[in-house]
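Please brief me on the model shown below.

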Amino acid sequence: MRIARLLGGVFVAAAAAMASPTDVKAQQLVIWHDLGDNGVAMFERAGAEFAKTRPGVSVRSISYPTDQWFGRVISSINTNTAPDLIFNNYERVIRIEQQTGKIMDLRATLASIADKGFLGEDDLRVATFKNKMIILPVQRVQMAFGVRKSWLDKTGEQFPQTWDDVKRISAKFRESDPDGNGRADTFGMALQAAKPRDLIHMLDLFTFGSGLRHTLINPDGKIMIDEPAHAQVLEEFLKTYSSYRFVAPDTINHSFTEMYQVILGSRAGMFRVGDWNVRGWDNANALGGDFVSGPWPKFAANRDNAVVIGGMRGVAVPENSPNRALAVEFAKFLLGKEAQQASLELVGAGVRKDLNVDALSPRQQYFARAQHRLVAYDFPESIHTFYPELEAAFHRKLLAGIAAPPADWKPFIAETAKEMRELAAKLRASN
Amino acid sequence: MPALPAPTRLQSAVEALNLAWRNRVFYLFVAPFAALTIVFGLWPIALSIQVSLTASASALSPNPTYVGLANYATVLADPIFIASLWRTLWYAALAVAANLAFALGVAILIDSPRLRAGSMFFRLAIFLPVVTPDVAGYVVWRWLYDRSFGAINAAAEQLGLPAFGGLSSVDTVTIAVLIAELWHHAGFYMTIFLANLAMRDRALEEAAAIDGATTWQKWRFIILPQLRPAIVINLVYATVQFLKTFTVVVVMTKGGPAERTNFVSYYAYQLFDQGRYGEATAMASLLFAIVIALSLGAFKLSEGRAPK
């Protein structure tokens, strides 16, 4: 009798299990990014939140070094082995779109999101390429001017507000042994110059941070570098690498890696701080939080300085995504509060304004609260298709100048502007 | 005497098959290596040449758009590539001469009976950099050259010498890179020279000495001709090596300052990084053709001048 009851119970349980709504198929979304361990943790947490409303769905994120990310994404999309989603800076997704033409237009997806008031006009503009919304913006990339706090204290200085402040503090950082090791081995600033994007990226920060709107060319195709306000910033920028001696002499060969070595090795007192840097630099093994962030220096009394928005990081869906509908759902979910909170806490950036920032360090809060005026890049590559080639030529010209500095930079700038005008006209004609 | 009838095609084919069958064990053993060579050696080269004939935007797609020689035309019209090509040829010539001269000089010193006691130590000391990972070695060289905390400038300062521009000066970067490469590669060439020196016929030198030959005459007319195999091997290998100079540039200079070390391999890599696959592989293919032509030329030259 007992056996019969037991068998009966098992039968009923099995029948109940078969009848229960388990038709939710286990699905895994794969997302490729270049955010390293912090990004992996962010997507893991967002995926776990997403799974609460989508039983059986899991999210697996894979981080590649940026250059590998490019090659893998392009080849996978072109060979129909694409991941479900990709995540990166806007301009990198543009390159993927240019190479493949297979990034999904997310305009309809954005339209279907009710809660999106936190996305500004600039955010949406940089997410759009040739009338196609290629990313949903998930993180604003903020870059501020950073200074070693203990070095400021030791030299009796405050956070620099103007370019003259920066010049004075740079000289002190170089000459007054701010790290107290008894050797003259410190520099005012850590910059980079080696690769085309390195040098122009640094110039972008000084230009946009000083309140100007275009580094090289404006949307109408006008070369801007010899306009008086621009020429002033460019000349001072070039002197920083040469006659001012504010950077290490080898900076001409420095790329990101070497620049970070100079910053983290306590060899320079002023540097770029990205919102994604802060969490790591708060760590005792890095800068131990010994830095303060603020807007880029002011070059003219009548122009407001700013923290620079270097772009938007966002999520894109390849048209041949294996689980396209679900991928779009997850992309939308990344704009939700839970995913945005994870993004803010683990990567240091988000786009929503209603996030809880209390648990963040004061340095993280500086970015999270967006305490200063923000100025965004102008993204000329989205307007002028020839821009990358023009920029590469501009970089070569500037590097040649830094390698053999002229006695007077003004004729150099005028000559460079002339060459850029001729090249832009030629490239425009050939395009 | 009547001429023998020429074998028919069928007979030739049967003979070839018979020969293959007689050597079947040899072919069986060779087959895996031949397959590996084709798959991993020749196939990527063929694929690279194929990509160089396609439009970059479609290069990695299943159905690429073929553009004929357009990428080659673009590359050859690019003044930066032409400058880079000349720079590469110049640097390769300089590096080959410096490496071979240094390696030969060191090999002669180490081969000397007077240095027999420390011979093994010097061999090891000079060969060690060859087996050192190149990236690690070049990172250390970059530190040595650093103008703010590098050992070279620290020593120069102690000795009251002017500062060395190292990697950050257009005047010194080529020599700085060349020295680092010499450190890494010369041990290999030295080993080849040492092997050849050990194999030479010493009786000829004794005979020359009896005939009153001076040391210089012995080297010029007896020893150097016997080193021809090592010289040819080293010459070809070094030419190939330095025409493809890449790692040292990535680690130490990134093509700078002011393009002074922007050699063809690195320039192609930069274009590849920008997604300009067609032009990048066109550059690589042109470099490949130059390397093959120079290597074959060196072999032909050595064959033509070989002692009869």
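Is A:Lys130 buried or exposed? A:Lys130 counts as exposed, because it has 11 C-beta neighbours inside 10 Å; the cut-offs are 20 or more other C-beta atoms within 10 Å for buried, 12 or fewer for exposed and partly exposed in between, with C-beta atoms placed from the backbone. This is a predicted model, in which local features need pLDDT of at least 70, side-chain atom pairs count only at pLDDT 80 or more, and totals for chains, interfaces and linings use all residues. Residues are numbered from 1 along each chain as its sequence is written, while chains are lettered from A and ligands numbered from 1 in the order in which they are written.

**Chain A overall**

- Chain A has 17 helices and 11 strands; helices (H or I, at least four residues) and strands (E, at least two) are DSSP runs, numbered from the N terminus.
- The C-alpha atoms of chain A fill a box of roughly 105 × 55 × 35 Å along the principal axes.
- Chain A has 431 residues, and 45% of them count as buried.
- Among the contacts in chain A with a separation of 6 or more, 75% are between residues 24 or more positions apart; two residues are in contact if their C-beta atoms, placed from the backbone, lie within 7 Å.

**Domains and the chain interface**

- In chain A, domain 1 covers 16-140 + 313-360 and domain 2 covers 142-309 + 380-430; such bounds come from an automatic or database domain assignment.
- The centres of these two domains of chain A, taken over C-alpha atoms, are separated by 32 Å.
- In chain A, 8 residues of domain 1 are in contact with 8 residues of domain 2.
- The side of domain 1 of chain A that touches domain 2 of chain A has 4 nonpolar, 2 polar and 2 charged residues. Here Ala, Val, Leu, Ile, Met, Phe, Trp, Tyr, Cys and Pro count as nonpolar, Asp, Glu, Lys and Arg as charged, and the others, Gly among them, as polar.
- In chain B, the assignment gives domain 1 (9-51) and domain 2 (71-305), with centres 35 Å apart over C-alpha atoms.
- Between the chains, 20 residues of chain B are in contact with 22 residues of chain A. The side of chain B that touches chain A divides into 8 nonpolar, 7 polar and 5 charged residues.

**Helix pairs in chain A**

- The axes of helix 9 (residues 196-209) and helix 10 (residues 228-241) of chain A come within 10 Å and cross at roughly 135°. Axes are lines fitted to C-alpha atoms, for helices over the stretch in contact, and angles run from 0 to 180 degrees between N-to-C directions.
- Helix 9 and helix 10 of chain A are therefore oblique to each other; angles under 35 degrees count as roughly parallel, over 145 as roughly antiparallel, 65 to 115 as roughly perpendicular and the rest as oblique.
- A:Leu203, A:Phe206 and A:Thr207 of helix 9 of chain A meet A:Val233, A:Leu234 and A:Phe237 of helix 10 of chain A. This contact has 5 nonpolar, 1 polar and no charged residues.
- Helix 16 (residues 387-403) and helix 17 (residues 409-430) of chain A have axes that come within 10 Å and cross at roughly 160°, so these two helices are roughly antiparallel to each other.
- The contact of helix 16 with helix 17 of chain A has 8 nonpolar, 2 polar and 3 charged residues.

**Backbone features**

- Most residues other than glycine have a negative phi, and most peptide bonds are trans.
- A:Lys130 is not a glycine, yet has a positive phi of about 50°. A:Lys130 lies in the loop between strand 4 (128-129) and strand 5 (132-133) of chain A.
- A:Asn131, in the loop between strand 4 and strand 5 of chain A, has a positive phi near 60°. A:Asn131 is exposed because 7 other C-beta atoms lie within 10 Å.
- B:Gly256 and B:Pro257 are joined by a cis peptide bond with omega about -10°. B:Pro257 lies in the loop between helix 12 (247-253) and helix 13 of chain B.
- Helix 13 (residues 264-273) of chain B has buried residues B:Val264, B:Ser265, B:Tyr266, B:Tyr267, B:Ala268 and B:Leu271. Helix 13 of chain B is followed by B:Gly275, with a positive phi near 80°.
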